[in-house]
Amino acid sequence: MTTTWRPLAEGTGWRAAAIGCTAGPADRPFEERHGQSCIALVTRGTFRYRSALGTVDLAPGGAMLGNAGQAYECGHDHSWGDRCIAFHYDEPLLETVRSALPGVRGDRFDRPHLGPAQGLLPLVAEAEAEALGSAPDPARIEELALLLAGTVIAATSQRVDRPAAATARDRRRVAAALRRLESDYAEPIGLADLAAAAATSPFHFLRSFTATVGMTPYQYLLRTRLQHAAVALRLTDDGVAAIAFDTGFGDLSTFNNRFRRLLGMTPTAWRRSRAGPALRSRPGASP
């Protein structure tokens, strides 16, 4: 049996890793312990998970839940191998998430898992795409970590559902963040930076921004960068790599993938689709 652990990203109070296991029915499970609270998204394979919260069989699309300090075992009684994307959280961060969710009660997970049918599919798919990509984006993984924590806590708590609405103060904070994202889009701007400027927790800022704008800060920043890049591709003859770096992308591969996903074609195809005589170099650009 072998287990692989590949770190994806980490930030204040959280970390994420891709985990693979090759165990099968002949391998005996052994006891482990959750060092931090854990939400592990199952992306491939099935396995049995035992903890003080119960015994369950986990399948792709579901989430394994564990509390800090809790002992557990994983076994493959009828299958071979699995892959997960595990998010680990410090308790103070989870407390900020709980305090931002109206009607949430309790301070620990009260069950061992959430099934695939409980609103996890989009988060599982996005997390797996980041893990399998050539360059996982820490900013997007940070948002996924908080969105996942909020989804799981809301689903596992005795919650009185109330519609989430941004207050006037939240809207002012979001407006200031939008101005910053518009002006400094090429700079590295993380969720923690925006939340600190708004004097609120990252999770609360993420919820109020999404409620106001209709997308997360990362999604807005990505679209802003790609919009500027698309304009530059049409109006200048600067190289694709130069435009990618000038608009805030750290590498060409990530830029090409994001551009194709959002605009439906490669940057080069976009440039050629309506190329005209007005192509020119931007002031200060290399010939």
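I count Ala, Val, Leu, Ile, Met, Phe, Trp, Tyr, Cys and Pro as nonpolar, Asp, Glu, Lys and Arg as charged, and the others, Gly among them, as polar. The model I am working on is predicted.

**Entry: second largest pocket**

I looked up the classes in its lining. The second largest pocket has eleven nonpolar, four polar and five charged lining residues. Its volume is about 290 Å³. I then asked which residues lie nearest its centre.

Next I checked the elements. At least two lining residues each come from α3 (138-156), α7 (217-235) and α9 (252-263). Which of them gives the most? I find α7 in that place, with four residues.

**Entry: largest pocket**

I turned to the largest pocket and noted a volume of about 490 Å³. I count 29 residues in its lining, and T3, I19, E32, Y72 and C74 are the closest to the centre. Two or more lining residues come from each of β1 (3-11), β2 (14-21), β3 (32-33), β4 (37-45), β8 (71-75) and β9 (82-89). I noted β9 as the source of the largest share, four residues.

How does this lining divide by class? I get 15 nonpolar, eight polar and six charged residues for the largest pocket.

**Entry: recap**

I logged β9 as the top contributor to the lining of the largest pocket. For the second largest pocket, I logged α7.

Conventions:
Residues are numbered from 1 along each chain as its sequence is written. This is a predicted model: local features need pLDDT of at least 70, side-chain atom pairs count only at pLDDT 80 or more; totals for chains, interfaces and linings use all residues. Side-chain values use heavy atoms; hydrogens and water are left out. On a 1 Å grid over the protein atoms alone, a cavity is a set of points where a 1.4 Å probe fits but cannot get out, and a pocket is an open set with protein on both sides within 12 Å along at least five of seven lines; lining residues have an atom within 4 Å of a point. Grid points are joined across faces, edges and corners, and a volume is the space filled by probe spheres set on the points.
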